[in-house]
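Me: Please take a close look at the side-chain contacts and pockets of this model. How are they built up?

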Amino acid sequence: MRSKAVILFVLLSSVLLVLAGCSGSGGGDGESGDGEASADQKTIEFMHLWPEGSSKDHYEIVNKIVSQYEEKNPGVKVDLEILGNEQYKEKLKVLSSSNQLPDVGMTWAAGFMTPYVEGDLFAPLNDVLKSGLKDEFVPGTTDAYSFDGKTYGLPLELNIAPIFYNKAIFDKYGLEVPKTYAEFKNVVKTLRENDVAPIALGNKDRWTGSLWYMYLADRIGGSKTITKAINRKGSFEDPALIKAAEEIQKLVEMGAFNEGYNALSDQEAKSLFMNGQAAMYLIGSWDLPNYTTNEEVPQEFRDSVGFFNFPTVNGKGDMNSWVGGPGVGLFVAQNSDVKSEAKDFVSFFVKRWGQQAVADAGVIPATKVDTSSVDLPQMYIDVLNELNKASNITLFADVQMPPDAAQVHLDAIQALFGEEITPEKFAELQEEALAEGE
């Protein structure tokens with residue numbers, strides 16, 4: 001283990017490097033406007049996690065909304081900084097250590113937000129909601145962003161995580177959508193026997209593997225079992241949760257996942273699925289644009305994609321119970337020098353996002369959708385229908401947990417998939433981490 005001195009040196013070095021990079025924010029990828037800002041012009045620094053390469057539709061909608069805001073507010077300029085998911089999380093941590101957060105940024109709900117709220121880094125947004133924005137949201141979606149009656153983030157998306165599959169591959173091998181776990185394992189076996197990677201998984205990012213574990217925990221133990229373990233009203237040593245971990249390792253032994261899954265990023269796994277090199281891919285409904293509206297994805301592939309609910313396991317589980325919940329939301333930094341303008345921008349962004357994300361990208365927003373006014377892709381309608389009849393939506397485990405425990409959970413997930421630890425050790429590690437946070 002590294003000494004505390006070395007850790008401190010690395011952290012301080014990282015902070016200095018990041019701050020050095022931030023000092024020239026005017027030249028970032030999302031810079032808009034020409035020339036230097038006038039003396040009375042306000043600048044909002046906005047950091048988001050939708051790069052053009054991996055999230056083209058999201059990226060373009062952000063740019064469109066920023067342009068619309070600047071046009072309506074000529075005295076305000078919005079500077080964009082854009083990072084991929086994991087890089088974004090790391091930079092947010094570094095910036096928070098020196099209280100240098102961007103004026104507006106993106107956050108996840110619940111446990112992820114806790115240290116930022118407790119550290120007085122995020123500004124309460126109740127005043128923004130009271131200005132008329134509250135009624136725009138699907139009821140309950142802002143709850144996961146609220147602490148002690150104050151709301152610190154405004155969600156942009158509402159997601160569930162289906163298993164997307166390649167219908168052409170299924171048809172080639174005479175496979176049908178599985179309703180039971182036994183049928184699912186038969187699909188895996190048939191594909192593996194025909195040298196087709198059954199499931200695309202990029203578990204370098206680890207939360208992707210957590211999705212598989214969460215669904216098995218839901219079906220074997222019930223929809224509330226894992227949440228109770230996280231909230232300390234239950235335990236990860238519950239037999240159902242250990243059984244779920246055992247099933248993960250059985251899938252590994254069956255060859256259910258692509259080669260090298262623990263060393264691949266989610267983006268690399270996505271490429272395997274979208275290139276027809278893997279038959280199934282479990283991911284959030286935020287990925288719908290790739291299978292519906294993204295014109296850069298071949299139409300032939302988009303026509304071949306379907307999705308299905310995670311099956312029952314040994315007759316147990318409710319197929320209308322999903323892993324998912326509110327996606328990323330917007331925060332305003334508490335120490336922002338342009339807090340009033342930042343809150344105004346956030347309100348504007350949420351309203352425009354709700355309108356444009358549906359029409360332009362087939363994304364399910366956290367705000368209410370008037371489906372009668374939009375020509376929606378069929379898959380979007382199907383996923384929306386699943387959301388409407390969902391009996392339960394369990395928030396992603398690492399988002400529910402405090403950051404330190406979430407890190408342990410994610411590391412343990414990767415070790416479980418790598419068969420480096422037993423299911424019992426997997427449970428023990430998380431119990432220890434959660435107990436330390438009590």
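Reply: Phe122 and Phe331 are both buried (under 20% relative accessible area, with exposed over 50% and partly exposed in between, for a 1.4 Å probe and protein chains only). The model is a predicted one, in which local features need pLDDT of at least 70 and side-chain atom pairs count only at pLDDT 80 or more, whereas totals for chains, interfaces and linings use all residues. Residues are numbered from 1 along each chain as its sequence is written, and side-chain values use heavy atoms, without hydrogens and water.

Across the whole structure, 33 aromatic pairs are found (ring centres of Phe, Tyr or the six-membered ring of Trp within 6.5 Å; planes under 30 degrees apart are stacked, over 60 edge-to-face, the rest tilted). Phe122 and Phe331 form a stacked pair, because their ring centres lie 4.2 Å apart and their planes meet at 10 degrees. This pair joins distant parts of the chain, 209 residues apart: Phe122 belongs to the loop between α4 (114-118) and α5 (126-133), and Phe331 to strand β13 (residues 329-332). Helices (H or I, at least four residues) and strands (E, at least two) are DSSP runs numbered from the N terminus. One aromatic cluster is made up of Tyr181, Phe184, Trp212, Tyr215, Phe257, Tyr261, Phe310 and Phe417.

An aromatic ring also meets a charge: Lys89 lies over the face of Trp108, 4.8 Å from the ring centre (NZ of Lys or CZ of Arg within 6 Å of the centre and within 35 degrees of the ring normal). Lys89 counts as buried because its relative accessibility is 16%, whereas Glu86 is partly exposed at 23%.

The structure contains 17 salt bridges. In another of them, the closest N and O atoms of Glu428 and Lys425 are 3.5 Å apart. Because Glu428 and Lys425 are three residues apart in helix α18 (residues 423-436), about one helical turn separates them. Glu428 is partly exposed at 30% relative accessible area, and Lys425 is partly exposed at 34%. Lys77 and Asp79 meet at 2.4 Å from N to O, and both are buried. Lys56, Glu60 and Glu296 are linked in a network of salt bridges.

The largest pocket holds about 1,000 Å³ of space. Its lining has 43 residues, and Ser55, Asn85, Asp266, Lys270 and Trp286 lie nearest the centre. Elements giving two or more residues to this lining include α3 and α11 (266-274); α11 provides the largest share, five residues.

The second largest pocket holds about 770 Å³, the volume being the space filled by probe spheres set on the points, joined across faces, edges and corners. Among its 24 lining residues, Glu90, Lys93, Phe112, Pro403 and Gln407 lie nearest the centre. Two or more residues each come from α3, α4, α16 and α17 (403-417), and α3 gives the largest share, seven residues.

Methods. Salt bridge = Lys/Arg side-chain N within 4 Å of Asp/Glu carboxyl O. 1 Å grid on protein atoms, 1.4 Å probe; cavity = no way out; pocket = protein on both sides within 12 Å on 5 of 7 lines; lining within 4 Å.
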